[in-house]
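Hi,

Here is the structure I said I would pass on. Have a look at it first, and then read on for my notes.

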Protein chains: 2
Amino acid sequence: MSNGCYYSQGIHGPYDLLELGDFDLESGFRLRGAKLAYRTVGTLSPAKDNALLFPTWYSGTSKIIEDVYTGAGRALDPSKYFIIIANQIGNGLSTSPSNSSAPFDRAGFPPVAIGDDVVAQHKLVTEHFGISRLELVLGGSMGAQQTFEWAVRYPDVVKRAAPIAGTARATSHNKLLVQTFIDSICSDPNWDGGWYPQGESVHRGLRRHARLFAASGFSPKLFATQGWRGLGFTSADDFVQAFVEAYFAPHDANNLLLMLRKWQNGDVGRQANGCLKTALSRITAKVSVIAIAEDSFFPLADIEAEQTEISGSDLKKISSPWGHLALFGTDPGFNAAIDAHLGDLLAS
Amino acid sequence: MSNGCYYSQGIHGPYDLLELGDFDLESGFRLRGAKLAYRTVGTLSPAKDNALLFPTWYSGTSKIIEDVYTGAGRALDPSKYFIIIANQIGNGLSTSPSNSSAPFDRAGFPPVAIGDDVVAQHKLVTEHFGISRLELVLGGSMGAQQTFEWAVRYPDVVKRAAPIAGTARATSHNKLLVQTFIDSICSDPNWDGGWYPQGESVHRGLRRHARLFAASGFSPKLFATQGWRGLGFTSADDFVQAFVEAYFAPHDANNLLLMLRKWQNGDVGRQANGCLKTALSRITAKVSVIAIAEDSFFPLADIEAEQTEISGSDLKKISSPWGHLALFGTDPGFNAAIDAHLGDLLAS
């Protein structure tokens, strides 16, 4: 159960809902009356040849993607492109533990895979909008996982792809890191196996999770240079509490856990009997893989190891003291670099 | 309360105990009947001019220091040097929560500072052994914190110093990281504010703590290259469980928490009214600061920022996929580099 009205149009809107009806998951479970929440910015051209797809990252919604990455004069300019921002399953806007009815509510919500999101988004793009080819699929972190999955599953639909700060297959180190995030929430006795009555009940676990997220999500340099001062925080402790703990406080623990397990199991190799190399060889899109040099969630070397397996792809490196969480848009330098790389890719 | 007989001569010996008697702490508390456990290797010369001091790191004891860092043909050769390995307060061999009597047992054990260890070790060195000058003080991680504290507090005693993979003042990022370690243990309801009856009771928290330690203690490269295969582990999960969880399983939670808080509060600046620069300027020892390039606990840049404030010091960088936990001695390349740097320093 979510905290009050956090997962609402008031806070995360406006967005639309696509009725997916009976939606069968990779796990073998069926979501009944499933809904995909999405936001569009810009206008679809009559030829339907100006569409981009941008799936959300862990804990994020279409709102922050729109705010941080789109705008007049930006690479993702709504006057030029029709930008579809898809909320991933479990993020609280699309079908999620927090908005499902018994017996599929809370801990009863079935496991979801990155591929499930991509199949649902494919319905949105091709059946709902009647788009046969996307000019660009892009996303950060778990959005990058979805981007890779798109490029591998639907090469004919994906003309260009820009996975940012994420991998096609979760590494063993990444799985361990995500396990520590899971641990930090599940260690709260009030989580109660997922059967807590109110989201607020799990606040201790959510606070721990936030601190852990901050400790590896930002680079040590951000702390050394007090880079958070520009945002008005008074100390490192204040920054972590007033920014990161505050951000996660209204989130639903089961939603976060569903996304964390999805993240942990991300692997396009499942499309090719477990062979990552074969799966990546199916990509025909023009791919710019974008990595953050200081990223501790998805280290540059892990990203580069995959990128070299993607024919014709290039690797763009961006440096930011904000580390992985530069994705949040707090670093103007990062935002400008992203725009430059996306602009180059879209022009190619 | 510790698990069975983990903190014993059988496992960590041999070692000796120095009776500190009434020992007053920085926190204002007094340890009564305090004991400092130490191990010596080699023979003190008649002139008492061949002594080295090597304090322990977080969770470690004199045993691993002796095994990994000393030996015939090594830089720390017992045929040449008298090597004093001092067990830090709270490590289970020296006076600790796990071996103290009520009301100072378990959560009743008072807070201890890095400076308290150094004062106790100073008694051992000068009063017990009658040594007026140490050829070298060195240590890794929390051992580096103690090394810096020695060099600042007792410049006349410290001829050379080699702080390895640690800082003189815990950075705000480091404090946050350590807080996540603290969180991982204290989140266990069985920890019960420190009043658990048996160490085994806190096993869930200790397991979480171990996973967290592994996630940032080793570099992602170790996982990417399956560097743990050489030690006989079968998978990344097996490595984390059979190596890191197994290592921490018999530890006492209150001992670990005492050391973590000591680590978190490490700051030689307290010797100079809070001014780190002034404190470091008091160092007269020849200092080689040694950093691990892949270290996520004590990042190279944070170490270098301090090193440049120490007059006449030099910075030695060692690269290891084992990251901070290369200190454990699992990487022959790291061990050889340490020997080379210590050999150079001792020859200077």
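In chain A, A:Gly21 stands opposite A:Ala34, which sits in β2(A). This is a predicted model, by the way, so please read everything below as computed from it. The strands behind that pair are β1(A) and β2(A), which run antiparallel to each other and are joined by 7 bridges. They make a hairpin with 5 residues between the two strands, and in the turn A:Gly28 has a positive phi of about 95°.

On from there, β2(A) also pairs with β4(A), again in the antiparallel sense, this time over 4 bridges. If you want a spot to look at, A:Val41 has A:Ile83 of β4(A) as its bridge partner.

Now zoom out a bit. These strands belong to an open sheet of 8 strands in chain A, ordered β1-β2-β4-β3-β5-β6-β7-β8, with mixed pairing. At the edges you will find β1 (16-24) and β8 (314-318) of chain A, each pairing on one side only. From one strand to the next, the twist averages 20°.

One helix to pick out is α3 (residues 114-128) of chain A. It lies across β1, β2 (30-41), β3 (51-55) and β4 (82-86) of chain A, and runs at about 120° to β1(A).

And then there is the second chain. How many residues of chain A are in contact with chain B? It is 22, and they meet 22 residues of chain B. The two chains bury about 1900 Å² between them, with 72% of that on carbon and sulfur atoms. On the chain A side, A:His173, A:Leu176 and A:Pro220 lose the most area to chain B, together 27% of what that side buries.

The rule finds 2 salt bridges across the interface of chain A and chain B. In one salt bridge, the side chains of A:Asp183 and B:Arg211 meet at 2.7 Å, N to O. Between the chains there are also 4 residue pairs in polar contact.

Which helices of chain A each supply at least two residues to the side that touches chain B? They are α5 (172-186), α6 (203-217), α7 (220-224) and α8 (236-248). The largest share, 7 residues, comes from α5(A). By class, that side of chain A has 13 nonpolar, 5 polar and 4 charged residues.

Cheers

Key: Residues numbered from 1 in each chain as written. Chains lettered and ligands numbered in written order. Predicted model: local features only at pLDDT ≥ 70, side-chain atom pairs only at ≥ 80, totals over all residues. Heavy atoms only, no water. Contact = heavy atoms within 4.5 Å. Buried area = accessible area lost by both parts, 1.4 Å probe. Salt bridge = Lys/Arg side-chain N within 4 Å of Asp/Glu carboxyl O. Polar contact = N/O pair within 3.5 Å; in protein donor to acceptor, adjacent residues only side chain to side chain. Nonpolar A, V, L, I, M, F, W, Y, C, P; charged D, E, K, R; others polar. Pairing = 2+ DSSP bridges. Axes fitted to C-alpha atoms, helices over the stretch in contact; angles between N-to-C directions.
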